[in-house]
Amino acid sequence: MTHVLSAHVAHGSVRRRRTRRRSLVAAVVAAVLATGGSVVGATSAQAAVPSSFTLTGSGYGHGVGMPQYGAYQMARQGNASWDVLTHYYSGSAVSTKTTTGNNILVQVYGKDPAGRSGYGDTSKTTSVTVTGGSWRLLDAASKTLASGTGTTKLAVTVVSGGKARVTVGGKTYDDTMLRINWSGTRYYQSTGATAVATVAGAHGSYKHGRLTLTSKGGLPNLTNDVLLNTEYLYGIAEMPSSWGLNGGLSALAAQAITARSYVMTKAVDDDCRCNVVDDVRDQYYTGWKKESEGTDARYGKVWKKAVDATTTSRTQARVLTYGGVPVVTHYYSSSGGRTADSEDVWSSVVPYERSVSDPYSKAAPGNSYASWTRKLTQTQARALFGLTDVASIKVSAKWTSGQARTLTATSSSGKTATVTGKADTIRSTVGKRTTAGSMPAAWITKITAVA
């Protein structure tokens, strides 16, 4: 009995001593904090907040249609161009169709026809330099205004009344439309010396066709007027020609078919007097630069061979169709393992642009975007999600393609915030917050916190 009592008293004494110790510690902590100090060994919520995040992903581009690296790998594995295209464009067919014998008008200098910010040219002056042969300047009535031989620079601008102006040899010529021809073309001295025209500020140089000058939106507007099958396609610079020397010739042929099909859907736009412009707003076109690429045009000849393999004649060629009709073909560099449904990236449902498996893009040699990383600092993460701090980020929802649909961030206090949208929106929104200022694609496979 005494033993039990003694034990009870001893136990009670221990509890009271612990209580007094806790009270003393609490009082010290409260006093230190009240004076704005800090307590060594105290746990801070901020200690759980990383300094940055590493986003790991795969692929480059929007994800709709044909990934070019995927096409390359399929070609290397023995697939024909039509096998490549019918794989990436669901329900499509490659058919020989009557194309066109008329000119395709390619805007190589001028304002953006759709008024998009950051696109088009803005200078009111440019110039055309003709080298290697003869040239002539014509007015709207096809009357010769001036001509010459040898390297010549023609200054181009616009004047009041919606007229284009060319100054050459100390003389000035104005008209609502002016045209520059050069030798070696179907427009001028077809059997003469092969001349080349270059437009200052444009992407390419031009051996084929002619240049037409007009005034649009107060700026010079220049188009290279070329035939679709035997002139325009030779200048498409959307895929490395060297692939054709490494088992990828049918990929180049597939690219030629998609490029042709795309242009066949484009009527002339009055805002630029053109079917297409010469960059990524439509298709990247460099003309003679592409066709003459490499020593002795080694690579250019490979590209021409691929184009010619899809062409029957000036007016007959292979076209990608859906329901028997040529279609707009979207393409990009590489996917992260599966292509995208069109509506998951933009808005419209395109029946032949459905999500399909793409094990080929990652397997293609030379694809530097098979895996990539981007850095998101703590400051950038806070700005992206609108939180006071970001402790973790995860991909909480994905589109059918595997591209990120929703990113969820959690703060050190447990508060969450999300960024959600179409795949291209995620790519843009998240990418511009990274230290690189952009992100290759929305196939984000992993997000790692960095202390």
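**Group meeting: the disulfide, the tyrosines and the pockets**

The torsion about the S-S bond of Cys 272 and Cys 274 is about -75°, so this disulfide is left-handed. A disulfide here is a pair of cysteine sulfur atoms within 2.5 Å. The sulfur atoms of Cys 272 and Cys 274 are 1.9 Å apart. A search of the whole structure finds one disulfide.

Some ground rules. This is a predicted model: local features need pLDDT of at least 70, side-chain atom pairs count only at pLDDT 80 or more, and totals for chains, interfaces and linings use all residues. Residues are numbered from 1 along each chain as its sequence is written, and side-chain values use heavy atoms, with hydrogens and water left out.

Back to the cysteines. Are Cys 272 and Cys 274 buried or exposed? Buried means under 20% relative accessible area, exposed over 50%, and partly exposed in between, with a 1.4 Å probe and protein chains only. Cys 272 has 1% relative accessibility, so it counts as buried. Cys 274 is buried too, at 2%.

Next, the aromatics. Rings of Phe, Tyr and Trp (its six-membered ring) pair if their centres lie within 6.5 Å; planes under 30 degrees apart count as stacked, over 60 as edge-to-face, the rest as tilted. The whole structure has six such pairs. Take Tyr 206 and Tyr 285. Their ring centres are 6.2 Å apart and their planes sit at 15°, so the pair is stacked. Tyr 206 is in strand β13 (residues 205-206), and Tyr 285 is in the loop between β16 (276-277) and α6 (288-291). Helices (H or I, at least four residues) and strands (E, at least two) are DSSP runs, numbered from the N terminus.

Tyr 285 also pairs with Tyr 232. That pair is stacked, at 5.1 Å centre to centre and 20° between the planes. Tyr 232 lies in helix α4 (residues 228-232), so this pair ties together parts 53 residues apart in sequence. Tyr 206 and Tyr 285 are buried, and Tyr 232 is buried as well. Elsewhere, Tyr 69, Tyr 72 and Trp 243 form one aromatic cluster.

Now a helix. Helix α5 (residues 249-264) has 16 residues and reaches 23 Å from first C-alpha to last, close to the 22 Å expected at 1.5 Å a residue. That expected span is 1.5 Å times one less than the number of residues. Of its 16 residues, 14 are buried, so α5 is largely enclosed by the rest of the structure.

Last, the pockets. On a 1 Å grid over the protein atoms alone, a pocket is an open set of points where a 1.4 Å probe fits, with protein on both sides within 12 Å along at least five of seven lines; lining residues have an atom within 4 Å of a point. Points are joined across faces, edges and corners, and a volume is the space filled by probe spheres set on them.

The largest pocket holds about 720 Å³. It has 22 lining residues, and the closest to its centre are His 62, Val 280, Arg 281, Asp 282 and Tyr 331. Elements β19 (331-332) and α11 (423-431) each give two or more residues to that lining.

The second largest pocket holds about 170 Å³. Of its 13 lining residues, the closest to the centre are Pro 113, Arg 116, Asp 269, Asn 275 and Asp 282.
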